[in-house]
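Let me put the structure up, and then I'll walk you through it.

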Amino acid sequence: MFGRLFGGGAERAAADPHVLPAPRRQRNGTYALRALGDARVLALVEAADAGEWEAVKEALAPFDLGRDHQVLGELAVLDGVQEWIGRAVEEDKEHRATALLISGARHISWGWEARTAARAVHVTQEQWRVFHERLDIAEEQLFEAAELRPEWVTPWRQLLTSGRGMSLGTTVNEARFDAGLRRDPLDLEIHTEWLAQLQPRWGGEPGQALAFAREAFARAPRGHNLGCVIAMAHIEEWVESDRGDCLETPEIQAELREAADHSILHPDYVWRPGWQGDFNMFAMALSLADERHTVRRVFRTLDGAYTKWPWTFFAEPEKEFARRHRRA
């Protein structure tokens with residue numbers, strides 16, 4: 001029943017007992033999503049923030065961390081996890097793989113925090129040193145986690161990120177991409193990570209990423225969030241372009257509408273914790289394309305819920321989301 005609803009966030013909250021109530025909204029009606037909008041994820045984040053490993057393990061019970069990228073991502077960006085997770089790695093042999101996965105993901109995020117989002121020429125030698133030191137630790141831990149739990153896909157998505165950051169080259173990263181696909185041929189985050197790798201700024205050829213996204217979308221079952229790869233591909237095209245209106249064509253608008261109808265707006269779409277991230281991808285892509293119909297349905301379903309990704313391509317992400325939300 002939950003997956004069949006098509007109203008806004010208020011209706012969905014009434015249908016799912018785990019949905020967090022929206023925090024205090026901005027005057028424009030928007031708010032930043034916290035803990036994937038799920039009370040169980042909030043309990044996990046609070047346990048991790050307190051450094052309570054036993055409570056973290058208990059809170060992880062409803063989730064499969066080896067496949068749920070978004071839940072792992074909530075732990076990866078949490079400052080302070082790096083202070084205590086090492087003890088769990090060394091002391092909890094039964095759950096060593098889980099601790100390694102969390103630690104590896106955190107060290108990648110922590111590494112990027114040291115590097116910052118500045119262009120490479122503006123990153124200091126000391127920042128590069130810390131960046132690579134943290135990514136080296138992450139790589140070692142993620143490979144061990146993948147060895148202990150060979151069915152997991154999340155270590156390979158993380159290794160794609162570290163491999164790109166360390167400039168390990170196409171051959172290495174292709175092997176990691178293939179390893180992820182063998183574990184889940186339809187995994188959205190594996191595809192969007194590879195989409196980033198194919199961008200010209202990371203050594204890809206113009207048009208290569210969009211062709212890859214279209215081939216992936218052709219394999220996506222109806223209602224599967226892999227359709228978001230089309231939205232993300234067009235966002236990446238916009239990032240690479242010198243023209244802010246490069247997506248404003250009838251052909252791109254139609255392609256985005258078709259992808260949204262096939263995936264997030266389809267009755268078979270699965271409403272899992274963090275579904276708002278999928279809708280934010282389409283909200284940004286459709287608004288960049290100046291599409292006027294489907295974008296309203298997407299923003300209406302979001303009911304003001306903002307996720308940082310992919311709006312971080314803007315200088316003021318939350319303000320840009322609010323502006324486009326208001327316009328839609």
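Start with helix α10, where the buried residues are Leu-188, Glu-189, Ile-190, His-191, Thr-192, Glu-193, Trp-194, Leu-195, Ala-196 and Gln-197. That's 10 of the 10 residues in α10, so this helix is largely enclosed by the rest of the structure. One thing to keep in mind throughout: this is a predicted model.

So what covers α10? The list includes α4, α8, α9, α11, α12 and α14. In residue numbers, α9 is 170-183, α11 is 208-218 and α12 is 228-240. Look at the start of α10 as well: a side-chain oxygen of Asp-187 comes to within 3.1 Å of the backbone nitrogen of Glu-189.

Now over to α4, residues 69-76. Which of its residues are buried? His-69, Val-71, Leu-72, Leu-75 and Ala-76. They sit on the same side of α4, because they cover an arc of only 165 degrees around the axis. The cover over those buried residues includes α2, α5, α6, α8 and α10. And at the start of α4, Asp-68 has a side-chain oxygen that reaches to within 3.3 Å of the backbone nitrogen of Gln-70.

Leu-44 sits in helix α2, and it is buried, with a relative accessible area of 0%. Leave aside the neighbours within four places in sequence, and Leu-44 is in contact with Val-56, Ala-59, Leu-60, Val-71 and Leu-75. Val-71 and Leu-75 are among the buried residues of α4. If you want a sense of distance, take Leu-44 and Ile-190: they are 146 residues apart in sequence, and 24 Å apart in space, C-alpha to C-alpha.

Okay, zooming out to the whole chain. There are 17 helices and two strands. The radius of gyration is 19 Å, close to the 20 Å that the globule rule gives for 328 residues, so the chain is as compact as a globular protein of that length. Along its principal axes, the C-alpha trace spans about 55 × 45 × 35 Å. Buried residues make up 54% of the 328. And if you take the contacts with a separation of 6 or more, 66% of them are between residues 24 or more positions apart.

How confident is the predictor? Mean pLDDT for the protein chain is 93, and 95% of its residues reach 70 or more. The stretch I'd flag is residues 1-7, where pLDDT stays under 50. For those residues, the model has 21 contacts beyond four places in sequence.

Next, the core. The largest nonpolar core has 95 residues, and the ones that touch the most other members are Ile-102, Val-229, Ile-264, Phe-279, Phe-282 and Leu-302. Which helix gives the largest share of this core? That would be α14, residues 275-288, with nine residues.

Let me pick out Phe-282.

Is Glu-255 buried or exposed? It counts as buried, at 17% relative accessibility; the cut-off for buried is under 20%. Beyond four places in sequence, Glu-255 touches Arg-214, Ile-230 and His-234.

Leu-36 has a phi near 60 degrees, which is a positive value in a residue other than glycine. Leu-36 lies in the loop between β1 and α2, and it is buried, with a relative accessible area of 9%. Asp-290 is not a glycine either, and its phi is also positive, about 60 degrees. You'll find Asp-290 in the loop between α14 and α15, and at 21% relative accessibility it counts as partly exposed.

And which peptide bond is cis? The one from Trp-309 to Pro-310, with omega near 5 degrees. Pro-310 is in helix α16, residues 308-311.

That's what I have, so over to you for questions.

How values were computed:
Residues are numbered from 1 along each chain as its sequence is written. This is a predicted model: local features need pLDDT of at least 70, side-chain atom pairs count only at pLDDT 80 or more; totals for chains, interfaces and linings use all residues. Side-chain values use heavy atoms; hydrogens and water are left out. Buried means under 20% relative accessible area, exposed over 50%, partly exposed in between (1.4 Å probe, protein chains only). Helices (H or I, at least four residues) and strands (E, at least two) are DSSP runs, numbered from the N terminus. The arc is that of the directions from the helix axis to the C-beta atoms. Contact means heavy atoms within 4.5 Å. A polar contact is a pair of N or O atoms within 3.5 Å; within protein, one must be able to donate a hydrogen and the other to accept it, and residues adjacent in sequence count only if both atoms are side-chain atoms. A nonpolar core is a set of buried Ala, Val, Leu, Ile, Met, Phe, Trp, Tyr and Cys residues joined through side-chain atoms within 4.5 Å. pLDDT is the predictor's confidence in each residue, from 0 to 100. The radius of gyration is taken over C-alpha atoms; the globule rule is 2.2 Å times the number of residues to the power 0.38.
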